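Subject: Structure handover

Hi,

Here is the structure I promised to pass on. Please load it first, then read the notes below.

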Amino acid sequence: MLVLIFAMTIFSIVYFSHKNKEGKVVTTIFPIYDICREILGNDEDIVMLQDNGTDMHSYQATASDIATLSKAELFIMVGGSSDKWVGDVIRSANNVNLSTLSLMDIVNKVEESDENISEGEHHHEHGSESSEGHHHEEEVHYDEHIWLSIKNMILATRHIKDALIKVFPERTELIRENAEGYLNKLIELEQAYADALLNQNAFYLVADRFPFIYLMNDYGMEYHAAFSGCSAETEASAETMSELINKVNEKSLEYIYITETADGSIAEQVKAGCSNRNNIKILVVNSCQSVSIDDVDNMSYLSIMTDNLEKFKKGVKQ
């Protein structure tokens, strides 16, 4: 009781954000959940905490999260700044049998950057002064949208496979077989991305937050975006709007990209201000950040990324 009261004080519990669930394997977001589902063959032993479509950057842990983790054996998370709540929840769960896997510890990380971002100021307290006047070294912050690199997902799948074998040793053969099959699909999709996008004549204007730095870096894709991937901004300044419009005109772009959580208003305003507005289309690409439990039966990481590829291919000038 005291643990739950303590947790309510810290996390401002919303009891009805999702159902209480139990499972040996607990994940934070959909891409991790989907890897586990593919490897295990079903989702009977998997819980996805962020299951109500809430953007991962604004997610708040709940009392049911603590209850879920108190009975789990494996917790897999991204491990970025949006998971800063994890440590307190794990301590509150008080589960000595719980193993954790942070994917940020095993993949190739990229530092957050304001390069090619109109409103890219990160709201971190870098290089701050203490009350004694001592200067703190600047902390390095890494972009947490690691799953949008298929290369990173290949690495993650291999580590998750090993972690799942420890939880389900009786299913070792099945897990290895399913993981190998899934890895082959990821490798095939990654090759399709490379064939279509690597060092092509393309420029991508994202009139929205920009979670795609890993994907763009993987294939040498040029881009400019309104906001950084971790930004909470939803309205663009006049200066930003002008900069985005100028980029579209300068590059003679036919497509403006937004993510699935955007309302499209910034993109529509940019389009309206462009000289070739009648030939511009707005394309929605899915960042996999806001998949709800109601969606999981009808989509997969592979299907989302395959659909994204078709939209990114449109930006390649022949």
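Which residues of α2 and α10 meet? From α2 they are Phe30, Pro31 and Asp34. From α10 they are Tyr301, Leu302 and Ile304. Keep in mind that this is a predicted model.

**Overall picture**

The protein has 318 residues, and 51% of them are buried. The fold contains ten helices and nine strands. Take the contacts with a separation of 6 or more: 73% of them join residues 24 or more positions apart. The accessible surface is about 15600 Å². Carbon and sulfur atoms hold 45% of that surface.

**α2 against α10**

Two packed helices are described by the angle between their axes and the distance between the axes. For α2 (residues 30-40) and α10, the angle is about 125° and the axes are 9 Å apart.

How enclosed is α2 by the rest of the structure? Largely, because ten of its eleven residues are buried. The buried set is Phe30, Pro31, Ile32, Tyr33, Asp34, Ile35, Cys36, Arg37, Ile39 and Leu40. Note that Asp34 and Arg37 are on that list. The cover over these residues includes three strands, β1 (25-27), β2 (46-48) and β3 (74-77). It also includes the helices α5 (150-167), α6 and α10. Just after α2 comes Gly41, with a positive phi of about 95°.

Ser300 belongs with this region. It sits in the loop between β9 (281-285) and α10 (301-313). Its contacts are Phe30, Asp34 and Arg37, leaving out residues up to four places away in sequence. Is Ser300 buried or exposed? Its relative accessibility is 16%, so Ser300 counts as buried; the cut-off for buried is under 20%.

**α6 against α10**

Helix α10 also packs on α6. Here the angle is about 5° and the axes are 10 Å apart. Angles under 35 degrees count as roughly parallel, so α6 is roughly parallel to α10.

The α6 side of this contact is Tyr182, Lys185, Leu186, Leu189, Ala192, Tyr193, Ala196 and Leu197. The α10 side is Tyr301, Leu302, Met305, Thr306, Asn308, Leu309, Phe312 and Lys313. By class, the contact has twelve nonpolar, two polar and two charged residues. Tyr301 and Leu302 in α10 meet α6, and they also meet α2.

**Nonpolar cores**

In soluble globular proteins, nonpolar side chains tend to be buried together. In this model, the largest nonpolar core has 70 residues. Which residues have the most contacts inside it? They are Ile160, Leu197, Tyr204 and Phe312. Helix α6 (residues 172-197) gives the largest share of this core, ten residues.

Leu197 is worth a look in the viewer. Leaving aside neighbours within four places in sequence, Leu197 contacts Tyr204, Tyr219, Met221, Leu309, Phe312, Lys313 and Val316. A second, separate core has 17 residues. Among them are Leu205, Met241, Val248 and Ala267.

**Ile266**

Ile266 is in helix α9 (residues 265-272). At 8% relative accessibility, Ile266 counts as buried. Ala236 is 30 residues from Ile266 along the chain, yet their C-alpha atoms are separated by 7.1 Å.

**Backbone angles to check**

Two residues other than glycine have a positive phi here.

- Asn116 has a phi near 65°. It is in the loop between β4 (99-102) and β5 (117-119). At 32% relative accessibility, Asn116 counts as partly exposed.
- Ser252 has a phi near 50°. It is in the loop between α8 (238-251) and β8 (255-259). At 45% relative accessibility, Ser252 counts as partly exposed.

Best wishes

Notes. Residues are numbered from 1 along each chain as its sequence is written. This is a predicted model: local features need pLDDT of at least 70, side-chain atom pairs count only at pLDDT 80 or more; totals for chains, interfaces and linings use all residues. Side-chain values use heavy atoms; hydrogens and water are left out. Helices (H or I, at least four residues) and strands (E, at least two) are DSSP runs, numbered from the N terminus. Buried means under 20% relative accessible area, exposed over 50%, partly exposed in between (1.4 Å probe, protein chains only). Contact means heavy atoms within 4.5 Å. Axes are lines fitted to C-alpha atoms, for helices over the stretch in contact, and angles run from 0 to 180 degrees between N-to-C directions. A nonpolar core is a set of buried Ala, Val, Leu, Ile, Met, Phe, Trp, Tyr and Cys residues joined through side-chain atoms within 4.5 Å. Accessible areas come from the Shrake-Rupley method with a 1.4 Å probe; for residues, only the protein chains shown count as cover. Angles under 35 degrees count as roughly parallel, over 145 as roughly antiparallel, 65 to 115 as roughly perpendicular and the rest as oblique. Ala, Val, Leu, Ile, Met, Phe, Trp, Tyr, Cys and Pro count as nonpolar, Asp, Glu, Lys and Arg as charged, and the others, Gly among them, as polar.
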